[in-house]
Amino acid sequence: MSGLNSTDTNGRSMESRVGRSKQLYNSKGFRRVAGVVPLSPDKERVLLIRSKPTESKLTESTGSTESTKGWVLPKGGWESDETCQQAAVREAWEEAGIEVEVEASPDIIEEQHCRKLSKGQSEYNFFQGTVLERHDKWPEHEKREREWFTISQAMEILKTRPELQEALKSSILSHAVEALTPQPERQEALKSAIAARKSSIAALNDSLAAGKSSTAALKNGPEPQEALECSIEALQASITALKSSIFSQAIEALKNRPDLQVLLKEFQN
């Protein structure tokens, strides 16, 4: 972008923030990232973005790029002069050119494996949001493209990004809770169950991370290492079971919404 602080007719900045001088980090040193899961008003589609392909990335045979490569949710660094929600809404505008109504508190997902050693691990804070408007021009419109996908398509596309899949699954659960508004008792019961299980999952993830660090440190002594690896497998199984149980309870609560039950069953495991 140019060096001028340009804005659109509604006063929104037409420049993306750059640099990391204001970047926030959590107590573990993970970079704090804010983002949105931008859903259509009917909650049946999600908007994904990716960098526009360059000529060098075009396939020689067809002259087009792989149709599902590089798609992600809008996200970026959370900085010290803004709230997490403000950062998420800003990233949605800068990267996807959308105005969103944020509908839920963020789901916090810590990256379990560092994808790029140069960047370190990240803590993702994703809000569920409804897309109110899409603009033809936005700060990064020259280098990014966007496209609507069904929830099922998006889950498949994001299979190499488990942290983004988790954010999408959390949005599906938020939609399930919202659908129970006419049944407040069931709604509160499901909210409480989800919160309790997520708290347990967070604690297990901390234990899992500690176990993996200990395993990596054990260069000698196969027996202690094997014992730790067994413990790690048990922790992973417990986390998987807890995640599945959240969906099971949501499916049971939504007996009068078979359409949502089908979606929840699809992503239960």
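**Exercise 1. Which residue in S6 stands opposite Ile98, and which strands pair with S6?**

Solution. Step 1: Ile98 stands opposite Arg134 in S6. Helices (H or I, at least four residues) and strands (E, at least two) are DSSP runs, numbered from the N terminus. The model is a predicted one, in which local features need pLDDT of at least 70, side-chain atom pairs count only at pLDDT 80 or more, and totals for chains, interfaces and linings use all residues. Residues are numbered from 1 along each chain as its sequence is written, and side-chain values use heavy atoms, with hydrogens and water left out.

Step 2: Strand S4 (residues 98-102) runs antiparallel to S6 and is joined to S6 by 5 bridges. Two strands pair if DSSP finds at least two bridges between them.

Step 3: Strand S5 (residues 107-110) is also antiparallel to S6, with 4 bridges; here Ile109 has Tyr124 as its bridge partner.

Step 4: Strand S1 (residues 31-39) pairs with S6 in the parallel sense over 9 bridges, and Ala34 stands opposite Asn125.

**Exercise 2. Why is strand S6 described as largely enclosed by the rest of the structure?**

Solution. Step 1: Count the buried residues, where buried means under 20% relative accessible area, exposed over 50%, and partly exposed in between (1.4 Å probe, protein chains only).

Step 2: In S6 (residues 122-134), 10 of the 13 residues are buried, so the strand is largely enclosed by the rest of the structure. Tyr124 and Phe126 are both buried.

**Exercise 3. How many aromatic pairs does a search of the whole structure find, and what is the geometry of Trp71 and Phe149?**

Solution. Step 1: Rings of Phe, Tyr and Trp (its six-membered ring) pair if their centres lie within 6.5 Å; planes under 30 degrees apart count as stacked, over 60 as edge-to-face and the rest as tilted. The search finds 2 pairs.

Step 2: Trp71 and Phe149 are edge-to-face, at 5.3 Å centre to centre with 70° between the planes. The two residues are 78 residues apart: Trp71 is in the loop between strand S2 (45-51) and strand S3 (75-77), and Phe149 is in strand S7 (residues 144-150). Trp71 is buried at 3% relative accessibility, and Phe149 is buried at 7%.

Step 3: Tyr124 and Phe126 have ring centres 6.0 Å apart and planes at 15°, so this pair is stacked.

**Exercise 4. Which arginines lie over the faces of Trp93 and Trp148?**

Solution. Step 1: A charge sits over a ring if NZ of Lys or CZ of Arg is within 6 Å of the ring centre and within 35 degrees of the ring normal.

Step 2: Arg12 lies over the face of Trp93, 4.6 Å from the ring centre. Arg45 lies over the face of Trp148, also at 4.6 Å from the ring centre.

**Exercise 5. Which members of the largest nonpolar core touch the most other members, and what is Leu264 in contact with?**

Solution. Step 1: A nonpolar core is a set of buried Ala, Val, Leu, Ile, Met, Phe, Trp, Tyr and Cys residues joined through side-chain atoms within 4.5 Å. The largest has 59 residues, and Val37, Val46, Leu48, Leu73, Ile151, Leu168 and Leu264 touch the most other members.

Step 2: At least three residues of this core come from each of domain 1 (31-53 + 69-180) and domain 2 (184-265), with bounds from an automatic or database domain assignment.

Step 3: Beyond neighbours within four places in sequence, Leu264 is in contact (heavy atoms within 4.5 Å) with Ile172, Leu173, Ala176, Phe247, Ala250, Ile251 and Leu254.
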